[in-house]
Amino acid sequence: MGRAQENTALQKIRLEFQEIQDKADIERILAFDYYNAKEAEQEMIKAYQAAGTCMRANYETSPISKLKYFNEGKKDLDELIRTGKEVENIYLRLLLQLNVPRLLNYNKNIEEDMAFLDTSLAKSPIDLSYKKLMIENLIRVADKEELKEVLLQIDVVNVN
């Protein structure tokens with residue numbers, strides 16, 4: 001008999017993040033109460049919220065608001081990475097970097113982030129199905145074939 005899998009706060013926000021389709025979905029991510037989450041999950045939930053703040057720019061009409069939300073989320077995510085570099089916050093930054101317009105100049109860490117995922121993803125305790133989803137999402141938003149090829153080479157299973 002298998003034991004029931006508890007849906008943690010981090011698992012819930014991962015699922016909600018994957019299903020973002022409009023501003024209301026982003027508002028749900030931003031309003032997510034991470035204080036009741038396990039302490040070990042709180043920083044990662046904040047990283048998803050920071051990425052959500054960046055993505056909120058897509059749903060604003062004013063260029064000033066777009067830039068405000070993007071910069072706020074970018075600053076928060078970069079700070080979380082600076083204080084604790086983890087597979088998921090690097091994934092989120094890379095996802096944003098591959099997805100935002102070049103004119104925003106948020107692409108300095110693409111190679112570094114891909115290298116980090118290449119050396120760290122397989123060893124990460126993240127569920128295998130989510131690791132695969134992360135790579136699929138990155139490939140989907142990558143605009144250059146050579147980036148897609150590198151992403152396809154990243155191992156998601158630790159064979160050691």
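Hi everyone, let me start with a definition: the radius of gyration here is taken over C-alpha atoms, and the globule rule is 2.2 Å times the number of residues to the power 0.38. For 160 residues, that rule puts a compact globule near 15 Å, and this protein, at 16 Å, agrees. Please keep in mind that this is a predicted model, where local features need pLDDT of at least 70, side-chain atom pairs count only at pLDDT 80 or more, and totals for chains, interfaces and linings use all residues. Residues are numbered from 1 along each chain as its sequence is written, and side-chain values use heavy atoms, leaving out hydrogens and water.

Now the overall fold. The protein has eight helices and zero strands; helices are DSSP runs of H or I with at least four residues, strands are runs of E with at least two, and both are numbered from the N terminus. The C-alpha trace spans about 55 × 40 × 30 Å along its principal axes. Of the 160 residues, 45% count as buried, meaning under 20% relative accessible area with a 1.4 Å probe, protein chains only.

Let's zoom in on one residue, Glu60. Where does Glu60 lie? You'll find Glu60 in the loop between α3 (39-56) and α4 (63-83). Glu60 is buried, with a relative accessible area of 14%. Its side chain makes a polar contact with the side chain of Lys23, at 3.2 Å. By polar contact I mean N or O atoms within 3.5 Å; within protein, one must be able to donate a hydrogen and the other to accept it, and residues adjacent in sequence count only if both atoms are side-chain atoms. Thanks, everyone!

Key. Buried < 20%, exposed > 50% of the residue type's maximum accessible area, 1.4 Å probe, protein only.
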